[in-house]
Amino acid sequence: AGIYTYLPLGLRVIRKVEQIIREEMNRAGSQELLMPIASPAELWRETGRWNFYGKELIRFKDRHEREFCLGPTHEEVITDLFRREVRSYRQMPLNFYQIQTKFRDEIRPRFGLMRGREFIMKDAYSFDQDEASARLSYQKMYDAYHRIFTRCGLTFRAVEADTGLIGGSSSHEFMVLAETGENTIVYSDAGTYAANVEQAEVLPPTETDTEALRPLHTVQTPRCRTVEEVTRFLNVSPAHLVKTLLYSTGTDTVAVLIRGDHEANAVKIQRLLLATNLELASPTVVEQVTGAPVGFAGPVGLKHIRIIADHAVNALRNAVVGGNQNDTHYVDANWGRDFQVEQFADLRSACAGDPSPRKDGGTLKTTKGIEVGHVFMLGTKYSETMKAFFLDRHGKECLAVMGCYGIGVGRTAASAIEQNHDAKGIIWPFPIAPFHVHLLPLTQSAQTTQVATQLYNELGAAGLEVLWDDRDERAGVKFNDADLMGAPFQVVVGDKGLAEGVVEVKTRKDGVKLKLPPAQVAAHLIRIRAS
RNA sequence: CGGGGCGUGGCGCAGCCCGGUAGCGUACUCGCUUGGGGUGCGAGUGGUCGGCCGUUCAAAUCGGCUCGCCCCGACCA
């Protein structure tokens, strides 16, 4: 699963995406190089990622039992290169990129090229003297990415994102907007703010409940485990329930309180706890900690465990919480009185309807996206652990300030199909189409063969890539296959048309057909291409 | 890893429950036919039923083990 052979047409598309990336990276001042795929463990141990990267890192040993991995990304390798080769600020800023097969042993590969275990990636790395210069390098890449995805014919959006396993201070993801996307994006309907939902900041509520506190009491809630079951049974709104989620960090168990209608955000929780690992506690642990089966955990009387809560819980009065006893909940629970909270923080995911965190007066909306590119401000995370120094103009040793920038090449191609297709097949954007023109002689007659040959040569000479369907198939078969493969133009050469001295030029996107004398086809297509 | 499903000509599937030596569609080959949106008719080629072990006179079918693939989940208590 997640390992594929690229067939001829698909490979042509991949190569075109790569070429666009090369042109724009070169234009932005980045230089192409090629690093090894096999990478020695010692480099990864220096940064700690030999352990931190976990099972996604494919590891192996050579005949001498030395450990290696197949590169999932190349910060370690490029930083090693930098520290060996670069001594002076006069050699900076530097930016290198490569286009190479990457290996990540994904927990679940899916959707073909969208999430493979082996995939082609463009990765780039910048080295600057200081933060200000690094921000310029970052901006150059950000702008280059806009040009790349625009040229690939994609509708996309750059959003603020989490830095995950790569790390660093800030990052943007380039998201192709598509319903089938695995990521949820939130954006302000008033300003320019947009972010991945796992990153999007949520403002604390501005108003607090003013209800008078009622006395705490318990209620029986037989077989009501989920928020939906409990709130329906008690006839209260999910916004009046506080769910208690128990997380294991590997060393510790922590209770996280989230309002019933909100979603906990593991990335934010992990960040707050400074944990390297975070997963929901197993049912066994839940029973040990709460004394009740899963579904009845609550903060009241919960001992020997850290309790943190989302801001929204702070504003609640008289809430419903789990009873730490089978089939039991508390109603009218209040923090400070009935249970203590160590810290209130932003721990939930943003959702549609939340106010924009930029205070631009807007409200957040959500949409789905496919992550095709990601740019990171790394700061000195790697130069520090790997001692990548240079001498500045005062002769002082300084750490390089880094950035890194990735594009999923196959995923970009797949996204283009996602956004450009109809019931009959693919409609390739011209710049990445495997062929520009699909040439369809409808018969094997001497006349059509002669005109097709002439067109094939002329169009080729005009710089157009032509796929000639020379099969002895019926017209319908050729038409359907041409629509499926999705070249932007089809040129149909048939005996009927030739009797009138014309061939037919069809635009795949809108289905418009135009009759032209063969001699005018090349000029016509060149004109359309220019526009 | 948890849950579910599936491995049968190249591809898509039926047969399995109820054991008797493999079938349909498509693709492919040949002949005729047709010839501007997946022609029609006819004749053919091709499968040790994922693998191993077992039960049985007899296994695609029953039992055990194993390998692989697909889907959902792994973050809502």
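# Briefing on a predicted protein–RNA model

R223 lies in the loop between β11 and α6 (227-234), and this residue has a positive phi of about 55° although it is not a glycine. Among the elements described, strand β27 (residues 489-493) has 5 of its 5 residues buried, while helix α11 (residues 409-419) has 8 of its 11 residues buried.

**Backbone details in loops**

- Most residues other than glycine have a negative phi, and most peptide bonds are trans.
- R223, with its positive phi of about 55°, counts as exposed because 9 other C-beta atoms lie within 10 Å, where 12 or fewer is the limit for that class.
- H304 also has a positive phi, with a value near 60° in a residue other than glycine, and its place is the loop between α8 (283-290) and β15 (306-310).
- H304 has 6 C-beta neighbours inside 10 Å and therefore counts as exposed.
- The peptide bond that leads from M92 to P93 is cis, with omega near 0°, and P93 is found in the loop between α4 (75-85) and β5.

**An open sheet of three strands**

- An open sheet is formed by 3 strands in the order β11-β17-β16, with antiparallel pairing.
- The edges of this sheet are β11 (217-220) and β16 (319-322), each of which has a single partner strand, so one side of each is left without a neighbour in the sheet.
- From one strand to the next, the twist averages 35°.
- Between β16 and strand β17 (residues 328-333) there are 3 bridges in the antiparallel sense, and V321 has Y330 in β17 as its bridge partner.

**Strand β27 and its partners**

- Strand β25 (residues 437-441) runs parallel to β27 and is joined to it by 5 bridges, with H438 standing opposite Q490 in β27.
- Strand β28 (residues 503-507) runs antiparallel to β27 and is joined to it by 4 bridges; here V492 has E504 in β28 as its bridge partner.

**The enclosed helix α11**

- Because 8 of its 11 residues are buried, helix α11 is largely enclosed by the rest of the structure.
- The buried residues of α11 are V409, G410, R411, T412, A413, A414, S415 and A416.
- The elements that cover these buried residues include the helix α1 (8-27) together with β5 (94-103), β6 (118-128), β8 (170-177), β19 (364-379) and β22 (401-408).
- G10 lies in helix α1, and although G10 and A413 are 403 residues apart in sequence, their C-alpha atoms are 8.6 Å apart in space.
- G10 is partly exposed, with 16 other C-beta atoms within 10 Å.

**Nonpolar cores**

- In soluble globular proteins, nonpolar side chains tend to be buried together.
- The largest nonpolar core of this model has 94 residues, and those with the most contacts inside it are V17, A413, V437, V491 and V493.
- Leaving aside residues up to four places away in sequence, A413 touches V13, I14, V17, L113 and I432.
- There is also a second, separate core of 30 residues, which includes L241, V286, A312 and Y330.

**The surface near RNA strand B**

- Around RNA strand B there are 45 residues, of which A1, L280, A475, G476 and G494 come nearest.
- The elements that each supply at least two residues of this surface are β12 (242-248), α7 (266-273), β14 (279-280), α13 (475-485) and α14 (495-499).
- The helix α13 gives the most to the surface near RNA strand B, with 8 residues.
- By residue type, the surface near RNA strand B divides into 20 nonpolar, 10 polar and 15 charged residues.

Notes: Residues are numbered from 1 along each chain as its sequence is written. Chains are lettered from A and ligands numbered from 1 in the order in which they are written. This is a predicted model: local features need pLDDT of at least 70, side-chain atom pairs count only at pLDDT 80 or more; totals for chains, interfaces and linings use all residues. A residue is near a molecule or strand if its C-beta atom, placed from the backbone, lies within 6 Å of it. Ala, Val, Leu, Ile, Met, Phe, Trp, Tyr, Cys and Pro count as nonpolar, Asp, Glu, Lys and Arg as charged, and the others, Gly among them, as polar. Two strands pair if DSSP finds at least two bridges between them. Axes are lines fitted to C-alpha atoms, for helices over the stretch in contact, and angles run from 0 to 180 degrees between N-to-C directions. A residue is buried if 20 or more other C-beta atoms lie within 10 Å of its own, exposed if 12 or fewer, and partly exposed in between; C-beta atoms are placed from the backbone. Two residues are in contact if their C-beta atoms, placed from the backbone, lie within 7 Å. A nonpolar core is a set of buried Ala, Val, Leu, Ile, Met, Phe, Trp, Tyr and Cys residues joined through C-beta atoms within 7 Å.
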